[in-house]
Amino acid sequence: MADMTYLLSFIAVAAIATFATRVIPFVFFERHTEHPLIKHLGRYLPAAVMALLATVFLTRSGNWNAALPGLDAVLPGLLVVAIHLWRRNALLSIAAGTAAYMTIQQTGFLAGF
Amino acid sequence: MNQSVFRLTLPILFGYIPLGMAFGVLFATQLDYPWWAAPLMGVLIYAGAGQILAVSLLAAGAGMVEVFVAMFVLNARHLFYGLSLLGQFRGAGWRKAYLIFGLTDETYSLLTTRPRGPDRHHEQEVDFRITGFNQCYWVIGCAIGALLGDNVAFDSTGIEFALVALFIVLTIEQYKALKDGFPLWTGAAAAGIAMLLLSPSHQLIGAIVIVTAVLLVHYRRLKDTGATEGANHG
């Protein structure tokens with residue numbers, strides 16, 4: 001049987017470290033919510049982080065050693081953009097893109113190109 | 001309210017169940033601990049990449065200092081998320097601790113992008129439920145994965161693309177709300193630079209540091225040119 005004391009202390013330490021990264025801004029900057037710099041970050045940071053997350057995770061979803069590098073992820077990504085600009089229905093865009101990606105990955109039909 | 005929260009969080013359900021399962025399967029196949037420790041980690045730690053890293057740390061029998069440093073560094077991007085939610089969470093009372101605890105990439109994305117009404121307490125209640133729903137999906141995924149172990153039979157390959165698609169949709173929504181492409185190009189460029197220069201485990205935090213630095217310079221330049229941008233962006 002594995003060491004339960006080790007496991008439970010491990011979970012406690014990992015939980016504290018993770019919570020620390022989330023709570024620190026609230027502890028140190030709580031009194032500065034009206035500061036123009038905080039407002040500036042509040043206005044622009046979410047958009048920048050969203051574009052960043054989309055870029056990183058889209059890149060990681062693709063096979064960049066294929067004949068057409070990354071097309072297996074970029075194609076469903078473009079489909080999400082197109083459908084979202086067309087209907088602006090988040091669930092529809094996400095479902096269509098995910099279905100396209102799953103089809104491409106499971107059938108491997110882009111592999112031949 | 002729960003129905004609209006469910007609709008809002010549905011893409012996260014499609015992302016979190018398979019990702020949580022991936023973690024659960026990894027946990028069950030790599031380690032000799034009881035299955036319930038996997039959902040317990042989902043309840044107490046609640047961090048996707050962090051928990052997957054935790055499996056290799058557990059397998060290696062890492063020391064507590066090492067565990068703390070590794071988890072802190074890996075999740076350090078969350079330091080920056082709180083900065084843009086200081087005002088939004090203010091006065092949320094007892095809910096606030098949980099809102100902060102549950103601030104994952106995906107929850108942050110939803111909370112900062114969804115349209116908000118003037119009733120602050122109502123909106124915080126919605127935020128609270130979004131956070132709770134998301135964590136439920138994650139914990140359920142962890143539990144299913146750990147119980148199934150390596151006997152996963154159905155082919156859900158690729159379903160985790162739901163999270164990528166969600167980030168794309170939220171990026172478009174952010175653009176429509178801001179009507180300013182600058183932060184988006186900054187974010188995408190920072191991601192590109194980080195992916196070229198850094199190892200996968202440092203790319204997210206590296207890109208967020210670059211983005212924050214650019215926004216600081218951007219702020220100083222707006223201030224120096226005499227534009228009172230900060231004051232206008234209430």
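This is a predicted model: local features need pLDDT of at least 70, side-chain atom pairs count only at pLDDT 80 or more; totals for chains, interfaces and linings use all residues.
**View 1. Helix α10 of chain B, residues 161-178.** Of the 18 residues of α10(B), 14 are buried, and the helix is mostly covered.

**View 2. The contact between chain B and chain A.** Chain B brings 76 residues to this contact and chain A brings 61 residues. On the side of chain B that touches chain A, α10(B) gives the most, with 15 residues. That side of chain B is made up of 52 nonpolar, 19 polar and five charged residues.

**View 3. The two assigned domains of chain B.** Domain 1 covers 2-179 and domain 2 covers 180-234 in the domain assignment. Their centres, taken over C-alpha atoms, are separated by 24 Å. Eight residues of domain 1 are in contact with nine residues of domain 2. Here too α10(B) gives the most to the domain 1 side, with three residues. The domain 1 side that touches domain 2 has five nonpolar, one polar and two charged residues.

**View 4. Spans of chain B annotated as "transmembrane region" in UniProt.** The unreviewed entry places this feature at residues 12-31, 43-74 and 184-217. Residues 43-74 are 81% helix and 0% strand, with end C-alpha atoms 18 Å apart. For residues 184-217 the figures are 94% helix and 0% strand, and the end C-alpha atoms lie 16 Å apart.

Definitions and conventions:
Residues are numbered from 1 along each chain as its sequence is written. Chains are lettered from A and ligands numbered from 1 in the order in which they are written. UniProt positions are given in the numbering used here, feature names are shortened, and annotations may be inferred rather than shown by experiment. Helices (H or I, at least four residues) and strands (E, at least two) are DSSP runs, numbered from the N terminus. The expected span of a helix is 1.5 Å times one less than its number of residues. A residue is buried if 20 or more other C-beta atoms lie within 10 Å of its own, exposed if 12 or fewer, and partly exposed in between; C-beta atoms are placed from the backbone. Two residues are in contact if their C-beta atoms, placed from the backbone, lie within 7 Å. Ala, Val, Leu, Ile, Met, Phe, Trp, Tyr, Cys and Pro count as nonpolar, Asp, Glu, Lys and Arg as charged, and the others, Gly among them, as polar. Domain bounds come from an automatic or database domain assignment.
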